[in-house]
Amino acid sequence: MSRYFTDEHEWIDVDGNSATVGITDYAQSQLGDIVFVEVPADGAKVTKGGDAAVVESVKAASDVYAPVSGTVTEGNAALADDPSLVNSDPEGAGWFFKLQLDDASELDGLMDAAAYAAFVEGL
Amino acid sequence: MSDDTVETVLELPLGDWHRAKGARMVPFAGYSMPIQYEGIMAEHLWTRESAGLFDVSHMGQVILSGDGAAEALEAIVPGDISALKEGRMRYSLLLADDGGILDDLMITAAPMALYVVVNGAVKHADIAYLRNKLPVSILLNHMEDRALLALQGPKAADALARVVPGVGRLFFMEADSFLWGEEPLWISRSGYTGEDGFEISLPAACAVAFADALAAQPEVKPIGLGARDSLRLEAGLPLYGHDLEPRIDPVQGNLSFAISKRRREEGGFAGADRILKALKDGPSWVRVGFTVDGRQPVREGAEIFDGDQVVGKITSGGFAPSVGAPIAMGYVLAAKSAIGTTLEAEVRGKRIGLTVAAMPFIPNRYHRKGATK
């Protein structure tokens, strides 16, 4: 399994053609207290770079983009009851959705953990 | 969150103090200001249970002096200012000729003068308007060399009294001068959170030392603009530029309490025709509060529906930490404004249930004169 990162602060864990998507620890720290998460419905088609989910802090609503194109297989139902999982465990239990990849080559432009760490360092 | 304008962002006296305390700074009203320190939720709840220190030095502090300043000001505000006793303050509204609200403001009868605090984002326009509308015999001094702090919360009085003995004698909406060492302070028992608390005007040169003295009190933590907004929303208090604007008159704004009895009888203020008519006939639209079904926040700009019909618009909304649910404020047709009316807001194509609710959303805890604790 490999983990990739986007410059919009999403992470994606890829296992064959399946993947899990969430937002990074840096993203949750910037957003602050998460009070609501809207995840995509099962079967929804998402497009690389397109809107896929919405995360709302006390202050504002922010879009979460799909790191790659694909078909959503599951949204994280636990976030409906406890959106603060995104704050407490953003890169684990606070995942947003799972999807089937359309085209694994879309992963090529994404960052690995070291590159993402350097990217955040430069912000 | 980013601000693409190239306008200069000005620095306030406590800018570096906030950064040293770990604040995240954002441009607001032309100044670099703290949006949050440890987090909006924690700061909000801390203020409700202890005492929060807010830097509101971006606001405009103006002294109006000269014979007849109160009577002159009454031409453009609907409050009874000439009856204001020294050391008393009043919430009022700066009115355009058509009765629209140009700003909301606090007016205090200080010795020999009126002390007026206006919103930061519109202070230069306000001052120009005041200068234009007031006779030349009235002196207007914009005190840009003073900072303004607010200490808010149930433990604010204990904490402030340790730094400035004697402040406990003030009741809600009273103000007086105090000394901190040799520094002249002007302190009022007022605020924008629904809690007991104080607003402290002080020389900018001693703002860092005074903020340090307050922050050294165990009850006190610095609080950012994010929590300031969620606290005032729970308190049902409108935010100028969002819940109030020039197209809105005081009756629509649900601020008729700011139109004093004598002024209702006599008129003689900007827009009196429109405002007195609205008082008599009732407004067409009115500002109300809403509780929100579920957990999804309904925010500024969302349209309000009754079935297929658009009946209003949300002007402020968000998650309310002390309520534990989303709340909102907005304008609806008067026919839909009764407490308990159920409506819907549309957010990202989805309908969310709203119920018109009494404000404040949590009880005020002001230190009123004559009130039993």
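1. Let's start where the two chains meet. In this predicted model, 17 residues of chain B are in contact with 16 residues of chain A. About 1,400 Å² is buried between chain B and chain A, and carbon and sulfur atoms give 50% of that area. On the chain B side, the residues that lose the most area to chain A are Arg295(B), Arg299(B) and Arg348(B), which together account for 41% of what that side buries.

2. Charge pairing is worth a look here. Side chains of opposite charge can pair when their charged atoms come close. Between chain B and chain A the count is four salt bridges. One pair to find on your screen is Arg348(B) with Glu56(A), whose closest N and O atoms are 3.1 Å apart. As for the make-up of the chain B side that touches chain A, its residues divide into six nonpolar, five polar and six charged. The interface of chain B and chain A also has ten residue pairs in polar contact, both residues at pLDDT 80 or more. Helix H2 (40–49), helix H7 (225–234) and strand S16 of chain B each supply at least two residues of the side that touches chain A.

3. Now for strand S16 itself, which spans residues 309–320 of chain B and includes Ala320(B). Is Ala320(B) buried or exposed? Ala320(B) counts as buried because its relative accessibility is 1%. Glu234(B) is 86 residues away along the chain, yet its C-alpha atom is separated from that of Ala320(B) by 6.5 Å. Leaving aside residues up to four places away in sequence, Ala320(B) touches Glu234(B), Ala325(B), Pro326(B) and Ile327(B).

4. Next, the domains within chain B. The assignment gives domain 1 (10–56 + 145–230), domain 2 (60–142) and domain 3 (256–357). The centres of domain 2 and domain 3 of chain B, taken over C-alpha atoms, are 27 Å apart. Their contact takes 17 residues from domain 2 and twelve residues from domain 3.

5. The area buried between domain 2 and domain 3 of chain B is about 1,100 Å², with 50% from carbon and sulfur atoms. Within domain 2, Pro78(B), Asp80(B) and Tyr91(B) lose the most area to domain 3, together 38% of what that side buries. Asp80(B) also meets Arg262(B) in a salt bridge, at 2.8 Å from N to O. The domain 2 side that touches domain 3 divides into eight nonpolar, four polar and five charged residues.

6. Over all chains, the whole structure has 31 salt bridges. In helix H7 of chain B, Asp229(B) and Arg232(B) sit three residues apart, about one turn of the helix, and their salt bridge has its closest N and O atoms 3.0 Å apart.

7. In helix H9 (residues 272–281), Asp281(B) and Lys277(B) lie four residues apart and pair at 3.0 Å.

Technical notes. Residues numbered from 1 in each chain as written. Chains lettered and ligands numbered in written order. Predicted model: local features only at pLDDT ≥ 70, side-chain atom pairs only at ≥ 80, totals over all residues. Heavy atoms only, no water. Buried < 20%, exposed > 50% of the residue type's maximum accessible area, 1.4 Å probe, protein only. Contact = heavy atoms within 4.5 Å. Buried area = accessible area lost by both parts, 1.4 Å probe. Salt bridge = Lys/Arg side-chain N within 4 Å of Asp/Glu carboxyl O. Polar contact = N/O pair within 3.5 Å; in protein donor to acceptor, adjacent residues only side chain to side chain. Nonpolar A, V, L, I, M, F, W, Y, C, P; charged D, E, K, R; others polar. Domains from an automatic or database assignment.
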